[in-house]
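Welcome! Take a look at the structure, then try each task before reading on.

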Amino acid sequence: MLRNVNDLLGLEVAASNGSVGEVKDCFFDDRTWTIRFFVVETGAWLGGRKILIPPVAIHDLDWAAKTLSVSLTRERVKASPDVDTSRPVSRQHEVEQFAYYGYAYDGGDGQLWGGGPQFGMSLTGYPSMPLPTGPRAQAKFVDKLAEQHRNRGDNPHLRSCRAIERYHIHASDGDIGHVESLLVDDEAWAIRYLVVNTSDWWLGHQMLVAPPWIDDISWLDATVSVDLTRQAVKDAPTYDAQALPSPEQEQRLFDHYGRPDHGNVVATPPPA
């Protein structure tokens with residue numbers, strides 16, 4: 001089901017033996033548009049430290065109770081690797097987080113979370129290296145993977161959902177507004193749409209833009225360029241923030257732009 005990513009903010013994260021903290025942000029892969037981690041602020045019990053928890057750890061999501069339950073203990077969360085969430089998270093840190101929690105690492109290749117990896121599976125790309133048991137063996141395992149990724153020269157690709165809000169949107173023939181929020185599939189944890197506020201240009205309407213329609217993102221200039229004209233955006237079906245789009249409304253949007261239903265296909269925009 002589609003959800004506004006801002007609805008995730010403030011959800012209580014519940015471990016198997018008590019509360020962990022609140023969701024403060026989500027990190028997504030800027031090539032595949034899938035949520036990779038929830039940024040959780042732990043509160044007083046852990047000195048307000050922020051930690052990363054991957055969607056694969058989710059046991060249950062109760063929107064009515066505003067609770068996200070995870071298959072982890074507070075002790076497991078407390079001992080998780082430190083990450084400076086104010087800076088881009090590197091692939092090295094991703095490997096460390098997945099290995100620590102005991103989940104298979106998918107290599108960041110865009111696999112959707114529905115039916116995803118389970119605890120104890122071997123890591124994709126390392127079929128002969130199943131997750132070892134014991135803290136000392138796991139520490140050596142994490143160090144080995146991190147070193148391999150450093151040597152491969154992987155660059156950071158995780159981005160903050162909160163940070164992309166307010167980014168300017170450029171159509172093929174001029175500016176059209178800014179990113180208001182994101183709509184996320186809460187089963188596959190894929191970002192399906194950017195909600196575009198056109199108040200900077202035209203009557204304050206909100207429109208939807210799917211990631212496959214993005215030509216380029218400049219993280220330095222805080223801009224998103226889309227393969228759409230200003231007039232096409234102006235004439236598109238408007239988005240009602242009080243009612244998430246139905247499949248029929250989505251189809252009308254695809255038909256308007258002459259684009260196929262992108263379904264589970266997630267775009268990989270050219271690097272900025």
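Two residues are in contact when they have heavy atoms within 4.5 Å. Keep in mind that this is a predicted model.

**Exercise 1. Describe the chain as a whole: what is its secondary structure, and what percentage of its residues is buried?**

Step 1. Begin with the secondary structure, which comes to six helices and 14 strands.

Step 2. Turn to burial: of the 272 residues in the chain, 50% are buried.

Step 3. Finish with the contacts between residues with a separation of 6 or more: 56% of them join residues 24 or more positions apart.

**Exercise 2. Find the surroundings of S172: where does it lie, is it buried or exposed, and which residues does it touch?**

Step 1. Place S172 in the chain. S172 sits in the loop that links β9 (168-171) to β10 (174-185).

Step 2. Check its accessibility. Exposed means over 50% relative accessible area; S172 has 52%, so S172 is exposed.

Step 3. List its contacts. Setting aside residues up to four places away in sequence, S172 touches V226, L228 and T229.

Step 4. Compare sequence with space. S172 and S225 are 53 residues apart in sequence, yet their C-alpha atoms are 7.4 Å apart.

**Exercise 3. Explore the largest nonpolar core: which residues touch the most other members?**

Step 1. This core has 57 residues, and L8 and V224 are the ones that touch the most other members.

Step 2. Beyond its neighbours within four places in sequence, V224 is in contact with Y167, H168, I169, H170, V179, L194, I214, D216 and I217.

Step 3. Look for another core. A second, separate one has five residues, F27, F37, V39 and L52 among them.

**Exercise 4. Examine the largest cavity: what is its volume, and which residues line it?**

Step 1. The structure holds one cavity of 30 Å³ or more, and the volume of the largest cavity is about 30 Å³.

Step 2. Name the lining: V5, N6, L9, D25, C26, C161, R162 and E165.

Step 3. β3 (18-29) and α4 (161-164) are the elements that give two or more residues to it.

Key: Residues are numbered from 1 along each chain as its sequence is written. This is a predicted model: local features need pLDDT of at least 70, side-chain atom pairs count only at pLDDT 80 or more; totals for chains, interfaces and linings use all residues. Side-chain values use heavy atoms; hydrogens and water are left out. A nonpolar core is a set of buried Ala, Val, Leu, Ile, Met, Phe, Trp, Tyr and Cys residues joined through side-chain atoms within 4.5 Å. Buried means under 20% relative accessible area, exposed over 50%, partly exposed in between (1.4 Å probe, protein chains only). On a 1 Å grid over the protein atoms alone, a cavity is a set of points where a 1.4 Å probe fits but cannot get out, and a pocket is an open set with protein on both sides within 12 Å along at least five of seven lines; lining residues have an atom within 4 Å of a point. Grid points are joined across faces, edges and corners, and a volume is the space filled by probe spheres set on the points. Helices (H or I, at least four residues) and strands (E, at least two) are DSSP runs, numbered from the N terminus.
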